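Please look over the sequence and the model before reading on. The report below is meant to be read alongside them.

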Amino acid sequence: MSTSIRFDRPMQVSRRALIVGACGIAALPHWSAAQTALPLVEVWKSPTCGCCGDWIRYLEANGFRTRVFDVGSVKKRAEMGVDLRYGSCHTAVVGGYAIEGHVPAREIKRLLRERPTAIGLAVPGMPIGSPGMDGPEYGGRKDAYEVLLLTKDGRASVFHAYS
């Protein structure tokens, strides 16, 4: 016995099937966003540091979630093995890596994608023009700076240079 499909009548779809299908399609962007969500960045900083707050807002605008500890960063920097010569005004941790100072989101994403054997990334000091140090009060000035990859043997190499 064979089954044939007739094309001489329009196919009828129930209202319920349409609603279920529409709900499934509407959920796709949420599912896709959940699949590409960036990890939590925990940040240790001084409670009075404005540029740290600007960097945190910058990270959030670039898709990261943040948790802030307003207790200073000296202890966390030491715990993560970041040498003082690479220090800045805040220390963050993401995906097991230390992020010291005003590191651009693009380099953090690259670090998490490539997963090198390292302590993490640092932008020593507080270069003007780096994320969080780029507000209107700086008059559009930009310093050249380097994002350093810090290795467990105490060395650093240039991960990316900004000019």
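Predicted model: local features only at pLDDT ≥ 70, side-chain atom pairs only at ≥ 80, totals over all residues.

## Strand pairing around E5

Strand E5, which covers residues 120–123, is joined by four bridges to strand E4, residues 97–101, and these two strands run parallel. Within this pairing, Ile99 has Leu121 of E5 as its bridge partner.

E5 is also joined to strand E6, residues 145–150, but here the strands run antiparallel and three bridges connect them. Leu121 takes part in this pairing as well, standing opposite Leu149 in E6.

## Helix H4 and the crossover

Helix H4, residues 105–114, belongs together with E4 and E5 to a β-α-β unit, and this unit is left-handed. Just after the helix, Arg115 adopts a positive phi of about 50°.

The buried residues of H4 are Ala105, Glu107, Ile108, Leu111 and Leu112. Viewed down the helix axis, the buried residues of H4 fall within an arc of 165°, and they therefore line one face of the helix. An α-helix has 3.6 residues a turn, so residues three or four places apart point the same way. The elements against which the buried residues of H4 pack are H2, E3, E4, E5, E6 and E7.

## The largest nonpolar core

The largest nonpolar core of the model contains 23 residues, and those with the most contacts inside it are Trp55, Ile99, Ile108, Leu121 and Val147. At least two residues of this core come from each of strand E1 (40–45), helix H2 (50–61), strand E3 (90–94), E4, H4, E5, E6 and strand E7 (156–162). H4 supplies the largest share of this core, namely four residues.

When neighbours within four places in sequence are left aside, Ile99 is in contact with Trp55, His90, Thr91, Ala92, Val94, Ile108, Leu111 and Leu121. Ile99 and Gly120 are 21 residues apart along the chain, and their C-alpha atoms are separated by 5.8 Å.

Methods:
Residues numbered from 1 in each chain as written. Heavy atoms only, no water. Pairing = 2+ DSSP bridges. Right-handed = clockwise from strand over helix to strand, strands pointing away. Core = buried A, V, L, I, M, F, W, Y, C linked by side-chain atoms within 4.5 Å. Buried < 20%, exposed > 50% of the residue type's maximum accessible area, 1.4 Å probe, protein only. Contact = heavy atoms within 4.5 Å. Arc of directions from axis to C-beta.
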